[in-house]
Amino acid sequence: MHHFAYRRGVSHKNVLHAEEVDLADLASAVGTPFYCYSSATLERHYRVFADAFAGTPGTLVCYSVKANSSLGVLATLGQLGAGMDVVSEGELRRALAVKVPPERIVFSGVGKTRAEMAFALNTGIFAFNVESEPELRALSEVAAELKRTARIAFRVNPDVDAKTHHKIATGKADNKFGVPFAEAPSLYALARELPCIEAAGVHMHIGSQITDLAPFRNAFALLKELVASLRAEGFAISFVNLGGGLGIPYRSDQPAPPSPADYAKLVQEEVGGLGLRLLFEPGRMIAGNAGILVARVLYVKQGAAKIFTIVDAAMNDLMRPTLYEAYHEILPVVEPASGTPTIVTDVAGPVCETGDYLALARELPELHAGDLIAVMTAGAYGAVLASEYNSRLLVPEVLVAGNRYSVTRPRPGYDDMLAKERLPNWI
Ligand SMILES: *Cc1c(COP(=O)(O)O)cnc(C)c1O
């Protein structure tokens, strides 16, 4: 469910709207390309997820900041009571900048530096997800220096196949993430010996865009076993962090992934009876359908074998199609009249790479230079993955709420781009 739909626009045509904002109008105001996020969609997704666990008091939904770290998005979710899952000091600073209370923040990632650990300890975050023994030792030393206690959960790698794209599977034995399941008991024993560490939780995150509940069930069943054996050995485990990973619909012609309610039911069945506080780290599920990328057609180019629709957004703005072979629905912003002929076309950008495309062999209503398109479901792992490759300016981000919009990250100018660099003093 999202709040992007065709409605009668200012032009009296049916135009795609973000909530009540006419996207053709918005494109005239901010220029193309741009990302547009819907507050109502963010709110709906957060609430659907959080409400599914309303019966388990103390549940903490830590939105995964890496999916979309726009301050407007974080502030919108923070106001609703969301916690945050961060993977760097930069993300932690973003969460703090929008006044998310530190006790609602968890810190993940295989490569936290000592400086990042110290910063997080000083702010008083809820917990660290620890991914290796050397990281545990470093955290203990940093905490001791600061005379603080680091609450931790080991991220346990259950070696389950999340049945997702290989670049976003994280819970297999050959992925860099987490500690091996079999080594967990000895690591908890080590954590008990080390100064300034409170090992109070167990964490798992097996991958992203998971569209089948079976891998979650397998992983959570293992987690439950581990919690039982740790408790039997006298470890005081008070919370489990079940990570994120719930998939979202990218295509309307394919079956919908499991709902948060189905997921919640599974969680209750596997770990509900243990009297544990539940933490989650959903990212894509909250932000994915809440954002789109709006672009303008520059040229329709008849190649020797194909028709290319060249638009002003490119792989540097939205990496997902080429990085993950991801499918994004593309809609013309002005709804085509019924009976408009369709063509099969590659939708590509101006970047000088064969991998620069937003869609391949896509059937679309005939488009013309100047037409606007919306690349749907671009709210997660979209703008955050953007770069200035080909010295293209980062595209603006716009947040909509009802009939209002705000350009939360303006388009930089070329002067801004050049001003970020220095020439060496010998030239
Ligand atoms: C990326 C990530 C998430 C979020 O995953 P989604 O598939 O976006 O829900 C959660 N936890 C950790 C540790 C992550 O790295």
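The structure is a predicted model, in which local features need pLDDT of at least 70 and side-chain atom pairs count only at pLDDT 80 or more, while totals for chains, interfaces and linings use all residues. Residues are numbered from 1 along each chain as its sequence is written, and side-chain values use heavy atoms, with hydrogens and water left out.

An oxygen atom of the ligand lies 2.6 Å from an N or O atom in the side chain of Tyr 381. For Gly 245, a polar backbone atom is 2.8 Å from an oxygen atom of the ligand. A nitrogen atom of the ligand is 3.5 Å from an N or O atom in the His 205 side chain. The ligand taken alone exposes 390 Å², of which the protein buries 94%; these areas come from the Shrake-Rupley method with a 1.4 Å probe.

The ligand takes up the space of the largest pocket; a molecule sits in a pocket if more than half of its atoms lie within 2 Å of its grid points. A pocket is an open set of points on a 1 Å grid over the protein atoms alone, where a 1.4 Å probe fits, with protein on both sides within 12 Å along at least five of seven lines; lining residues have an atom within 4 Å of a point. The largest pocket holds about 590 Å³ of space, a volume being the space filled by probe spheres set on the points. It is lined by 32 residues, of which Lys 66, Val 87, Phe 177, His 205 and Tyr 381 are the closest to its centre. This lining divides into eleven nonpolar, eleven polar and ten charged residues.

The second largest pocket has a volume of about 460 Å³. Of its 19 lining residues, Gln 209, Thr 211, Ile 248, Tyr 250 and Gln 254 are the closest to its centre.

Notes
A polar contact is a pair of N or O atoms within 3.5 Å; within protein, one must be able to donate a hydrogen and the other to accept it, and residues adjacent in sequence count only if both atoms are side-chain atoms. Ala, Val, Leu, Ile, Met, Phe, Trp, Tyr, Cys and Pro count as nonpolar, Asp, Glu, Lys and Arg as charged, and the others, Gly among them, as polar.
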